[in-house]
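Subject: Structure handover and notes

Dear colleague,

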Amino acid sequence: MAGNDELDRAILQWLEWDKNPKTLAEVRQLNCDGNIEQLQECFGSRMKFGTAGIRSTMGPGFSRMNDLTIIQTTQGLCRCLEKSFSDVKARGVVIGFDARAHSPSGSSSQRFARLAATVLISQGIPVHLFSQITPTPLVPFTVSQLKLCAGIMVTASHNPKQDNGYKVYWDNGAQIVAPYDQEIAQAVDENLEPWSESWNDKLVDCSSLIKDPYEKMKSKYLECLQKHCFHRDINKETKLKFVHTSVHGVGHEFIQAAFASFDFTPPLAVPEQKDPDPEFPTVKYPNPEEGKDVLTLSFALADKEGATVILANDPDADRLAVAEKQESGEWKVFSGNELGALLGWWIFTCWKRQNPESSCLKNVYMLSSTVSSKILRAIALKEGFHFEETLTGFKWMGNRAKDLIDKGNTVLFAFEEAIGYMSTEFVLDKDGVSAAAIVAESASYLATKNTTLSQQLRAIYEEYGYHLSKASYFICHDPGTIDRLFQNLRNYNGKSEYPKTCGKFEISDIRDLTTGYDSSQPDKKAVLPTSKNSHMITFTFKNGCVATMRTSGTEPKIKYYAEFCAPPGNSDPEKLKEELNDLVNALVEHFFQPDKNGLTSQST
């Protein structure tokens, strides 16, 4: 054994409870080899609920995604559901999964989904278990449509191939937030030992409590999506050609069906990336946010076939990246903020055409996260609808949207800069399928006006003010270094105060959503919710720039977001871009200090 009492106890517990022969054998081998370092990694800590669930590497141990930790997590969720919903055994839960798999540990998203279903039906809770891989948005959609108590999606989205995750939605169709996340975490800790039937996944094949909602929910989703198609005749006749890549994920079939529901000719699928493949063999990272590196094959197919717009989903199809061919022959990959501006403008334009009376505006909202572009705020100010900002992540936007809708309001659109878009009201989460169809329709409509998406983006900035942004991240695997970096910002130059400048740039206000401090508020207290579990500081500069530094809830990254918000008519984009670049360079040099802190930049 490891010679560490706590670690030894964890290993013994594992050997007693785990029934997966592959993970059991690996732990026994590590034990025989006396591989303390590896055992410490696997058993030194437990996964905790983070961004609406858990996410980690697949493999043995309580810190990893595997059969046993899925069972433990679902047992906790089960007890929490029983406590929260007296009718959970009538209403039930939906479970979906992506195509991830990890042969060394015998893990796969489908197996995890079966085990989660086994735990729930063993306690008499009905489960709507998808029989096939599905896009993540179909799970919250099903929760809302069937009025279920919860939804589980087994996916690690765009994370590296060795990872997997378990995402939880509540009965309102949005990702879980406090206090439910803490309640589930506590219930997991109280139900760690597998129940008598939790490993018996043969129950899934014979239980009357299992239903397959796949065909019914897919049809219903497409029926709802069609209500957001406003130019069917243009779609039928368009000469534009689209290329689509699902980046070895689950999006292909749904994108083809979504295009058909809008009366488009199907997009050209990148053949090497069309089918699900858990190895993601053609990309370094299966994340369209990485831009051109992920789109190489898409560019080649589009150039060959004369397509001018590329649509790329991440592997679970809840995000969307878009690229457009320029007159120069180069490809422009839109940032998440630029696509947010285009979609916000387009969705509002379509809504306004159907609701010309200005009185209709009083109950109309758009949302974005606090690290995303403020372009929707500028559009809202000029057009007269409401704009609200939330904390980072769709768990906040989805829940806020539901609150607003329940009070009789219309939430037209919500987005985050990480290429996530809620373009409809029937999925209270980011949805790369609906966004793809809606972007395609906007591009086809603009083509009838001899305008491209890129030209329309410039027109939006000319009308509402240029909003130029730059975002990136540093990788840091040492939590202590990350804590020290942020503590240094809170005690700048050894004093108990925040910095007043960043290089040559003067700071006018600071908001720290870890401590709850906001210098712009009369009482110096932040309006948005705060969390001591993560770091997030926003600096507002006297020149009109806003920059946020924050930690990631799911990856070993320190992210930064900077934006220059210029008023309408005050627009020399090249000059603004130059000043924004100077500010970002100062941010890196003075606040991140990558050499001193041993940080690896995104481009390294």
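The notes below cover a sheet, a helix and some salt bridges.

Please bear in mind that this is a predicted model, in which local features need pLDDT of at least 70 and side-chain atom pairs count only at pLDDT 80 or more, while totals for chains, interfaces and linings use all residues. Residues are numbered from 1 along each chain as its sequence is written, and side-chain values use heavy atoms, with hydrogens and water left out.

Two strands are taken as paired if DSSP finds at least two bridges between them. In general, the strands of a sheet pair through backbone hydrogen bonds, either parallel or antiparallel. This model has an open sheet of 5 strands in the order β10-β9-β11-β12-β13, with mixed pairing, and its edge strands, β10 (268-269) and β13 (331-333), each pair on one side only. Strand β9 (residues 242-245) runs parallel to β10 and is joined to it by 2 bridges, and Val-243 stands opposite Leu-268 in β10.

Helix α14 (residues 336-354) has 19 residues, which at 1.5 Å a residue should span 27 Å, and this agrees with the 27 Å between its end C-alpha atoms; the expected span is 1.5 Å times one less than the number of residues. Of those 19 residues, 15 are buried, where buried means under 20% relative accessible area, exposed over 50% and partly exposed in between (1.4 Å probe, protein chains only).

A salt bridge is counted when a side-chain nitrogen of Lys or Arg lies within 4 Å of a carboxyl oxygen of Asp or Glu, and by this rule the count comes to 36. In one of them, the side chains of Arg-111 and Asp-67 meet at 2.8 Å, N to O, linking helix α6 (residues 109-122) with helix α4 (residues 67-84) across 44 residues. Arg-111 is partly exposed at 25% relative accessibility, whereas Asp-67 is buried at 1%.

Another salt bridge joins Asp-318 and Lys-430 (3.8 Å, N to O). Asp-318 lies in the loop between β11 (309-313) and β12 (320-325) and Lys-430 in the loop between β17 (420-422) and α17 (432-448), so the pair ties together parts that are 112 residues apart in sequence. Asp-318 counts as buried at 1% relative accessibility, and Lys-430 counts as buried at 6%. Both belong to a network of salt bridges that also links Lys-167, Asp-314, Arg-319, Glu-416 and Asp-429.

With best wishes

Terms used: Helices (H or I, at least four residues) and strands (E, at least two) are DSSP runs, numbered from the N terminus.
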